[in-house]
Amino acid sequence: MRAARLIKMVLLLQSRPSMTAAELARELEVSERTVTRDAQALSEAGVPVYADRGRVGGYRLVGGYRTRLTGLARSEAEALFLSGVPGALRDMGLQDVASAARLKVSAALLPSLRDAPDSAAQRFHLDAPAWFREPETPALLSAVAEAVWDDRRIGAVYRRGDGVVERELEPYGLVLKAGVWYLCARVDTGVDGAAFRTYRIDRFDAVEARAERFARDPDFDLPGHWAAQAERFARSILRAEVVVRLSAEGVRRLPHAGDPLGAREALAGAGAPDAGGWVTVTLPVESEEVAHAQLTALGPEAEVLAPAGLRERLAADAARLAALYRGTDGS
């Protein structure tokens with residue numbers, strides 16, 4: 001306990017020109033008398049801690065005593081302090097660990113780079129949750145995160161569409177997507193052997209860490225796995241198709257009105273524009289109901305050619321809208 005405190009004291013003094021006993025006591029969560037004793041212990045151990053007496057005095061390191069990260073440029077130092085998401089670290093119970101790591105890096109930086117943490121923090125901020133929702137930290141996130149870090153198997157009770165299941169999982173990695181936490185884990189499927197699956201953390205009803213650890217697959221790539229999973233999911237929900245004529249403005253707005261993957265595939269397969277500049281595309285959609293909502297947003301920049309039911313529905317919407325703007329008397 002004391003050894004860790006002494007190390008932290010040295011790092012604090014490396015990161016600043018000097019600190020008063022009161023400042024050190026506040027950072028180390030000890031009394032000023034303990035700070036005095038710790039400074040004496042460091043001095044006896046060969047660490048050049050010097051105490052300035054007087055009203056504006058304090059403690060500092062002399063003789064250029066510091067541990068340096070050689071070759072670290074300003075841009076690299078600033079990027080380093082952008083690598084963490086404060087909210088995510090807090091949710092996983094890693095806030096104190098991250099704080100200690102940043103302190104160590106700050107202490108190791110050259111004096112000319114000491115403002116890198118503040119410089120980065122005042123220029124970039126990552127707000128992970130989506131708009132219009134209050135992010136909630138899943139109750140079992142910290143337990144899952146601890147198992148991920150420790151490569152420890154877990155027994156889990158998981159809620160899915162067809163009921164509650166029990167699983168033995170090898171937790172490989174966590175992903176935070178638009179404020180929702182997911183676990184990528186390897187599970188024995190019983191048919192094809194072990195396979196990687198993705199689970200929403202907020203659907204775990206219970207998680208219990210096992211005593212045994214698992215050997216990680218050295219070829220597993222979490223970012224690559226997540227990207228592939230996300231694309232497969234996006235493609236899997238596009239089960240229907242609609243044929244649409246789009247104006248030039250409709251072409252521009254289509255990726256913002258509907259599913260980006262479906263829009264990308266539709267526009268990639270579009271033919272040449274007609275004399276009026278309109279193009280006909282086959283648009284993959286989740287369902288006719290979803291397509292109705294998405295294509296309504298395009299208004300007169302899109303004309304549905306098929307299926308007939310969707311075309312008739314949009315035509316009826318257009319007639320009702322025209323009646324509203326003409327007035328009830330048809331004028």
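The model is predicted: local features need pLDDT of at least 70, side-chain atom pairs count only at pLDDT 80 or more, and totals for chains, interfaces and linings use all residues. Residues are numbered from 1 along each chain as its sequence is written, and side-chain values use heavy atoms, with hydrogens and water left out.

The chain holds 13 helices and 10 strands; these are DSSP runs (helices H or I, at least four residues; strands E, at least two), numbered from the N terminus. Of its 331 residues, 34% are buried, that is, under 20% relative accessible area with a 1.4 Å probe and protein chains only. Contact denotes heavy atoms within 4.5 Å. Among contacts between residues at least 6 apart in sequence, 61% join residues at least 24 apart.

The largest nonpolar core has 19 residues. Such a core is a set of buried Ala, Val, Leu, Ile, Met, Phe, Trp, Tyr and Cys residues joined through side-chain atoms within 4.5 Å. Val144, Leu169, Leu174, Leu183, Tyr199, Ile201 and Phe204 touch the most other members.

The side chains of Glu170 and Arg153 are joined by a polar contact of 2.9 Å. A polar contact is a pair of N or O atoms within 3.5 Å; within protein, one must be able to donate a hydrogen and the other to accept it, and residues adjacent in sequence count only if both atoms are side-chain atoms. Leaving aside neighbours within four places in sequence, Glu170 is in contact with Arg153, Cys184, Ala185, Arg186 and Phe214.

Elsewhere, 3 strands form an open antiparallel sheet in the order β9-β8-β10, where pairing requires at least two DSSP bridges between two strands. Its edge strands are β9 (279-285) and β10 (302-306). Strand β8 (residues 240-246) pairs with β9 over 7 bridges, and Val244 has Val281 of β9 as its bridge partner.

How values were computed: Buried means under 20% relative accessible area, exposed over 50%, partly exposed in between (1.4 Å probe, protein chains only).
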